[in-house]
Amino acid sequence: MQLSYYCRSCKKKNYISSKANNRFELQAQFGDEINNRCSHCGTFEKKHINRLIAEPSKFIGLFCFGLAILLSGAVFILGFIATLTFTIPIYIYFNAQKRASDFNKVMISRK
Ligand SMILES: [Zn+2]
């Protein structure tokens, strides 16, 4: 999952990749604030972790699409149940969306 924030100086989007599922895990990893250098203008900035926004990886849509095609091919050859081939990629896709939205819903308490 990718976490993003907008740079205060150049207003461009920066990404931080993390394995954290929620802000509590992120807090355990980085503390209340993360220090990050903007990849566009180089401004060093402290961001409170409540201000980071989770996004599902851009590749997940593509990945699920590819998986659907692959599975459809397998169905065509082997004659599996067609619904399964579409259910699995759709499930993975929505699961990624849900993970991101769950992350965004839960805030840590500010001191
Ligand atoms: Zn910047």
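**Reasoning from the zinc site to the core**

Student: Which residues does A54 touch, leaving out those up to four places away in sequence?

Tutor: A54 touches M1, Q2, L3, A100, F103 and N104. Keep in mind as we go that this is a predicted model. Contact here requires heavy atoms within 4.5 Å, and each of those residues meets that test with A54.

Student: L3 is on that list. Where does L3 stand relative to β5?

Tutor: L3 stands opposite A54 in β5. The strand β5 covers residues 53–55 and runs antiparallel to β1.

Student: How do you know that β1 and β5 count as paired strands?

Tutor: Pairing asks for at least two bridges, and 3 bridges join β1 to β5, so the pair qualifies. β1 (residues 2–6) also pairs with β2 (residues 13–17), in the antiparallel sense and over 5 bridges. One example is S4, whose bridge partner in β2 is Y15.

Student: Which residues touch the most other members of the largest nonpolar core?

Tutor: L3, I16, L26, I49, L52, A54 and F103 do, out of 13 residues in that core. The elements giving two or more residues to this core are β1 and α3 (82–105). In general, nonpolar side chains in soluble globular proteins tend to be buried together.

Student: Now the metal. Which atoms are the protein donors of the zinc ion?

Tutor: They are the SG atoms of C7, C10, C38 and C41, lying 2.2 to 2.3 Å from the zinc ion. Along the chain the donors follow the spacing C-x2-C-x27-C-x2-C. C7, in the loop between β1 and β2, and C38, in the loop between β3 (33–37) and β4 (44–48), are 31 residues apart and link distant parts of the chain. Both C7 and C38 are buried.

Student: What makes the geometry around the zinc ion what it is called?

Tutor: The 4 donor atoms subtend angles of 107 to 111°. Four donors count as tetrahedral if all angles lie between 85 and 135 degrees, so the arrangement is tetrahedral. For reference, the ideal angle for four tetrahedral donors is 109.5 degrees.

Student: How many aromatic pairs does a search of the whole structure find?

Tutor: The search finds 1. The ring centres of Y93 and F94 are 5.6 Å apart, and pairing needs centres within 6.5 Å. Their planes meet at 85°; over 60 degrees counts as edge-to-face, so that is the name for this pair. Y93 is partly exposed at 31% relative accessible area, while F94, at 53%, counts as exposed.

Notes:
Residues are numbered from 1 along each chain as its sequence is written. This is a predicted model: local features need pLDDT of at least 70, side-chain atom pairs count only at pLDDT 80 or more; totals for chains, interfaces and linings use all residues. Side-chain values use heavy atoms; hydrogens and water are left out. Helices (H or I, at least four residues) and strands (E, at least two) are DSSP runs, numbered from the N terminus. Rings of Phe, Tyr and Trp (its six-membered ring) pair if their centres lie within 6.5 Å; planes under 30 degrees apart count as stacked, over 60 as edge-to-face and the rest as tilted. Buried means under 20% relative accessible area, exposed over 50%, partly exposed in between (1.4 Å probe, protein chains only). A nonpolar core is a set of buried Ala, Val, Leu, Ile, Met, Phe, Trp, Tyr and Cys residues joined through side-chain atoms within 4.5 Å. Donors are N, O and S atoms within 2.8 Å of the metal (3.2 Å for Na, K and Ca); water is not among the atoms, so sites may look incomplete. Four donors count as tetrahedral if all angles lie between 85 and 135 degrees; four count as square planar and six as octahedral if opposite donors are over 155 degrees apart and all others between 65 and 115; anything else is irregular.
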